[in-house]
Amino acid sequence: MPLVPRPGIEKAPLYIPGSHHVEGVAEPAILSANENPLGPGQAAIDAYHGAADALFRYPEGGAVDLRAAIGKRFGLNPDQITCGAGSDEIITMLTRIFAGPGDEVLYSEHGFLMYPINALQVGATPVKAPESNLTTDVDALLAAVTDKTKIVFVANPNNPTGSYIPSAELKRLVEGLPDNVLLVIDAAYSEYVCKNDYNDGVELVDKYQNVVMTRTFSKIFGLAALRLGWVYAPPKITELLNRTRGPFNVGVPAQIAGAAAIADLSHTDKSISHNDKWLSFMTTEFENLGIQVPPSVGNFLIAGFGDKDTADRAYNHLRSNGVIARQMGGYGLADYVRITVGLEKEVRLCVDIMKEFKG
Ligand SMILES: Cc1ncc(COP(=O)(O)O)c(C=O)c1O
């Protein structure tokens, strides 16, 4: 008898990460994974080096110091924070806890691909709700809720579209959901957002028992290689997460560097200023070239080329000139190419290549 995996595992597509290499180019501009081009701050790098002496020890399983540092920075109770190997691991744990065969996991049309992948892995059915103007549509999400729905994932801001919904809309979503449906607010890019009507969702976690907010160290904190994320959740859900996670799911270097990174406000400020300046520059330059750029509040944009063939040619042209962007077919956005805001020279290079492409 052959081995048989659990239902759903073989249906889940492989996640294809942004590539980091181009044949024949020694140092390509890697603008494919929304990493912070400035890297981590010096405090995090020093802390990481300091972890070398402790490599033979198991980590402190509850990430106590790291959770305290996160709590201090964001004014949150550390007892309601759980850390994971990237917010990917948190998404996986939440899906395992709340969904299984016969259940539905709801997300918006161009939402982050790990939501349907995790749903399929546990044997649940991923369900997409349509978006309006490449933005999460609360009414469409609420209309798609059935008695099988167990989880709703909303990335705010969303990757790859870069759009966001105001806090009042998120609140309307929670209030329209049955109490037995978990709302996951994925705030991976929240530090980049400078909009008065936006917030990360903490107040909804404090108010409702069925809301959690996930965050990551992979974006503005520049620690994608360490795999570190966290979730702020009501006490009951935190208890379930602690039962589900591996006892040592976050390594020592990640805990130490993460705690240093989160306390380093000046690096965050520097990263935000860099992003504001070069996101706006790239957007304006692209628009001047007739490339459509939906408004983005993240550290990336999607460039619209009107049809798949032109988008593919633009992607390949960037690539053959040493810039790695990301194709968006997997997100139902084959007419677009996603580009992360890189260093100044990378952004300028990108713009120059696009000028040549359009010229
Ligand atoms: C919206 C969103 N959520 C979660 C993640 C996962 O981040 P990580 O697992 O690195 O914390 C990403 C990464 O690109 C993302 O874009």
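1. Let's start with α4. The elements that cover its buried residues include α3, β3 (104-108), β4, β5 (149-155) and β6. Bear in mind throughout that this is a predicted model. Seven of the eight residues of α4 are buried, so the rest of the structure largely encloses this helix. The buried ones are Met-114, Tyr-115, Pro-116, Ile-117, Asn-118, Ala-119 and Leu-120. Just past the helix, Gly-123 has a positive phi of about 85°, if you want a backbone angle to look up.

2. Now the overall layout. The protein splits into domain 1 (29-40 + 266-358) and domain 2 (53-264). Their C-alpha centres are 25 Å apart, and the contact between them involves 28 residues from domain 1 and 29 residues from domain 2. Note that domain 1 is given as two stretches of chain, 29-40 and 266-358.

3. On to the nonpolar packing. The largest nonpolar core counts 54 residues, and Leu-183, Phe-217 and Trp-230 have the most contacts inside it. Helix α9 (residues 252-263) is the top contributor, with five residues. Where does this core lie relative to domain 1 and domain 2? Both domains give residues to it, so the core lies between them. As general background, nonpolar side chains in soluble globular proteins tend to be buried together.

4. Leaving out residues up to four places away in sequence, it touches Val-152, Val-154, Leu-173, Val-174, Leu-177, Asn-210, Val-211 and Val-212.

5. Domain 1 and domain 2 each contribute at least three residues to the pocket lining.

6. Glu-191 sits in the loop between β6 (182-186) and α7 (202-207). Is Glu-191 buried or exposed? It is buried, at a relative accessible area of 10%, where the cut-off for buried is under 20%. Beyond its neighbours within four places in sequence, Glu-191 contacts Phe-74, Arg-215, Ile-220, Phe-221 and Ile-272.

7. Thr-136 is the other one, placed in the loop between β4 (125-129) and α5 (138-144). Its relative accessible area is 10%, so Thr-136 counts as buried. Its contacts, neighbours within four places in sequence aside, are Ser-108, Glu-131, Leu-141, Val-154 and Ile-165. Val-154 is also on the contact list of Leu-183.

8. Last, a contact across the sequence. His-317 is in helix α11 (residues 308-320). Glu-356 is 39 residues away along the chain, with 9.4 Å between the two C-alpha atoms. His-317 touches Glu-356 as well as Ile-353 and Phe-357, again not counting residues up to four places away in sequence.

Note on methods: Residues numbered from 1 in each chain as written. Predicted model: local features only at pLDDT ≥ 70, side-chain atom pairs only at ≥ 80, totals over all residues. Heavy atoms only, no water. Core = buried A, V, L, I, M, F, W, Y, C linked by side-chain atoms within 4.5 Å. Buried < 20%, exposed > 50% of the residue type's maximum accessible area, 1.4 Å probe, protein only. Helix = DSSP H or I, 4+ residues; strand = E, 2+ residues; numbered from the N terminus. Domains from an automatic or database assignment. Contact = heavy atoms within 4.5 Å.
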